[in-house]
Amino acid sequence: MKRKRNHVEPRPRAMRVDAAALAGAFYEASDLAMEGHPEASRELLHRLLARPLAEEQDEEQDEEPSLPTPRIVLSSMRNLLAELCVDDMLADATRAAAHRRRAVVHAEVALDLWPENSSAALTLAQLLREAGELRPALALYKDVATRKVAFPSVTDAKGEESGD
């Protein structure tokens with residue numbers, strides 16, 4: 001007797017992504033959100049996040065060292081989605097709980113991708129605090145407050161460093 005095989009959807013192959021293109025898409029999504037087009041921003045972000053990246057992607061970033069790694073950009077994309085969900089939560093009281101849950105998930109994924117993402121940590125801390133989960137919120141606030149921040153040197157047009 002032949003056994004039936006369960007149909008299994010093939011997993012999409014992990015793809016290599018050009019770091020500059022990924023960063024450019026994130027900046028485009030950010031601009032769309034700031035210009036009052038949150039749905040277009042959300043669609044662009046979801047389209048980009050639906051494609052799995054090759055695991056070794058971050059380790060081989062020699063082409064442009066000034067660009068953030070793909071993992072950092074993906075984390076930033078997730079945090080932008082969390083912030084869009086927070087906006088939805090504030091604008092749509094009837095579905096606020098669902099928007100809040102999505103915001104928390106996006107912020108958590110952002111931190112999984114890049115644990116040093118202070119923006120995502122603050123987004124999640126705020127959501128947890130508002131939900132009454134004070135201990136984890138305070139732990140996130142403390143973590144962000146105790147981080148050392150490296151300030152890049154600012155060079156003016158003449159090539160001289162500025163202390164401002």
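Colleague: Why is Arg 42 called buried?

Modeller: The relative accessibility of Arg 42 is 12%, and buried means under 20% relative accessible area, with exposed set at over 50% and partly exposed in between (1.4 Å probe, protein chains only), so Arg 42 counts as buried. The model is predicted, which is why local features need pLDDT of at least 70 and side-chain atom pairs count only at pLDDT 80 or more, while totals for chains, interfaces and linings use all residues. Residues are numbered from 1 along each chain as its sequence is written, and side-chain values use heavy atoms, with hydrogens and water left out.

Colleague: Where does Arg 42 lie, and which residues is Arg 42 in contact with, leaving aside its neighbours within four places in sequence?

Modeller: Arg 42 is found in helix H2, where helices (H or I, at least four residues) and strands (E, at least two) are DSSP runs numbered from the N terminus. Apart from neighbours within four places in sequence, Arg 42 is in contact (heavy atoms within 4.5 Å) with Leu 81, Leu 84, Cys 85 and Asp 88.

Colleague: What makes the pair of Arg 42 and Asp 88 a salt bridge?

Modeller: The term asks for a side-chain nitrogen of Lys or Arg within 4 Å of a carboxyl oxygen of Asp or Glu, and the side chains of Arg 42 and Asp 88 meet at 3.0 Å, N to O, so the pair qualifies. Asp 88, at a relative accessible area of 21%, is partly exposed.

Colleague: How many salt bridges does a search of the whole structure find, and which residues do shared partners join into one network?

Modeller: The search finds 5 salt bridges. One of them joins Arg 147 and Asp 143, at 2.5 Å from N to O, and Asp 143 is partly exposed at 36% relative accessibility. Through shared partners, Glu 39, Arg 42 and Asp 88 form one network of salt bridges.

Colleague: Which parts does the salt bridge of Glu 130 with Arg 100 tie together?

Modeller: The closest N and O atoms of Glu 130 and Arg 100 are 3.8 Å apart. Glu 130 lies in helix H5 (residues 118-130) and Arg 100 in helix H4 (residues 96-113), so the linked parts are 30 residues apart in sequence. Glu 130 is partly exposed at 41% relative accessibility, and Arg 100 is partly exposed as well, at 23%.

Colleague: How do you know what to call the arrangement of H1 and H3?

Modeller: The axes of helix H1 (residues 19-34) and helix H3 (residues 70-91) cross at roughly 15 degrees and come within 9 Å. Angles under 35 degrees count as roughly parallel, over 145 as roughly antiparallel, 65 to 115 as roughly perpendicular and the rest as oblique, so H1 is roughly parallel to H3. The axes are lines fitted to C-alpha atoms over the stretch in contact, with angles running from 0 to 180 degrees between N-to-C directions. Residues making this contact include Leu 22 and Phe 26 of H1 and Leu 80 and Leu 84 of H3.

Colleague: What is the overall run of elements from the N terminus on?

Modeller: The chain has 6 helices and 2 strands, in the order α-α-α-α-α-α-β-β. Of its 164 residues, 30% count as buried.
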